[in-house]
Amino acid sequence: MALSAYLAEETCAVASRRGAGVVMDNVSRTYPASAGPAAGVFGICAQLAAGSFVTVSGPSGSGKSTLLNLVAALDHPTGGRLLVDGRDIAASPERARAEYRLRLVGCLFQDAPLVGELSVANNVVLPGLLARTDRRAARGRAQELLERVGLGTQTTLFPAQLSVGQRQRAALARALMNRPRLLLADEPTGNLDRATGRQVMELLADAQAEGCTVVVVTHDPEIAAAGDQHLRLLDGHLVA
Ligand SMILES: Nc1ncnc2c1ncn2[C@@H]1O[C@H](COP(=O)(O)OP(=O)(O)OP(=O)(O)O)[C@@H](O)[C@H]1O
Ligand SMILES: [Mg+2]
């Protein structure tokens with residue numbers, strides 16, 4: 001089935017959300033280096049089970065964000081195949097990839113950019129409106145999510161008026177807006193104190209409990225060991 005037809009079917013079946021399974025079949029993304037060895041990720045083979053909690057770790061520059069960008073369909077592999085529920089997302093037309101990013105994947109990236117001109121509530125509502133969710137329902141869900149991340153009373157503020165940790169939590173609420181089947185979080189606790197970091201991890205665990213497949217990049221060995229599966233990268237290669 002074409003990815004676009006699959007997505008149309010998925011949109012109708014929102015009530016029965018389940019996690020997406022990911023297969024990395026010899027996936028590479030190489031960046032040509034002007035001097036020295038090429039950078040990126042090389043020949044990654046891994047299967048992420050639907051509904052599992054996967055942790056990714058490795059030193060700075062080892063390829064963690066590169067790998068997440070590929071799964072998020074923000075970038076194309078230069079080799080191998082990346083299948084999500086058996087569908088090759090890299091081989092799909094850009095429109096289907098945009099739909100995939102909007103409806104199936106929730107992303108929480110390292111710099112967690114929010115739209116500075118929009119209030120916190122409108123930042124969270126935005127993906128819902130883009131997915132043509134009824135405006136009132138989208139607003140209700142945004143409020144509920146912001147309460148869950150502890151920002152229920154800060155919804156009218158603008159991103160510049162929030163702390164780094166609060167912005168991170170608002171970005172998590174936005175990532176959850178369209179009830180993703182795959183949640184990708186790149187060092188979501190990197191800039192947070194221990195207590196706030198724990199809250200964010202609890203929210204990710206809640207997403208998994210609701211059926212979502214969760215992939216988290218972390219430098220915290222405790223978090224890395226707590227997943228159902230742990231991928232360790234070294235110089236772009238999978239070592240565990
Ligand atoms: N757009 C790009 N052009 C060229 N090289 C890149 C590009 N993006 C990443 N790289 C290189 O690919 C390698 C992996 O980068 P990546 O951002 O995936 O690392 P990371 O493991 O996420 O590191 P960190 O923990 O610091 O976030 C690095 O050597 C980096 O310089
Ligand atoms: Mg990174």
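## Sheet

In what order do the four strands form an open sheet, and is the pairing parallel or antiparallel? The order is S2-S1-S4-S5, and the pairing is antiparallel. The model from which this is taken is predicted. S2 and strand S5 (87–88) are the edge strands, each of them pairing on one side only.

Two bridges join strand S4 (residues 79–84) to S5, again in the antiparallel sense. Val84 has Arg87 of S5 as its bridge partner. Strands of a sheet pair through backbone hydrogen bonds, either parallel or antiparallel.

## Shell around ligand 1

The residues that surround ligand 1 are Tyr31, Ala39, Gly40, Gly58, Ser60, Gly61, Ser62, Gly63, Lys64, Ser65 and Thr66. Two elements, strand S2 (39–48) and H2, each contribute two or more residues to this shell. H2 provides the largest share, namely three residues.

By residue class, the shell comprises eight polar residues, two nonpolar residues and one charged residue.

## Ser65

Ser65 is part of helix H2 (residues 64–71) and belongs to the residues surrounding ligand 1. Ser65 counts as buried because 20 C-beta neighbours lie inside 10 Å, and the criterion for a buried residue is 20 or more.

Leaving aside residues up to four places away in sequence, Ser65 touches Gln110 and Asp186. Between Ser65 and Arg194, the separation is 129 residues in sequence and 23 Å in space, taken from C-alpha to C-alpha.

Methods
Residues numbered from 1 in each chain as written. Chains lettered and ligands numbered in written order. Predicted model: local features only at pLDDT ≥ 70, side-chain atom pairs only at ≥ 80, totals over all residues. Buried ≥ 20, exposed ≤ 12 C-beta atoms within 10 Å, placed from the backbone. Contact = placed C-beta atoms within 7 Å. Near = placed C-beta within 6 Å. Nonpolar A, V, L, I, M, F, W, Y, C, P; charged D, E, K, R; others polar. Pairing = 2+ DSSP bridges.
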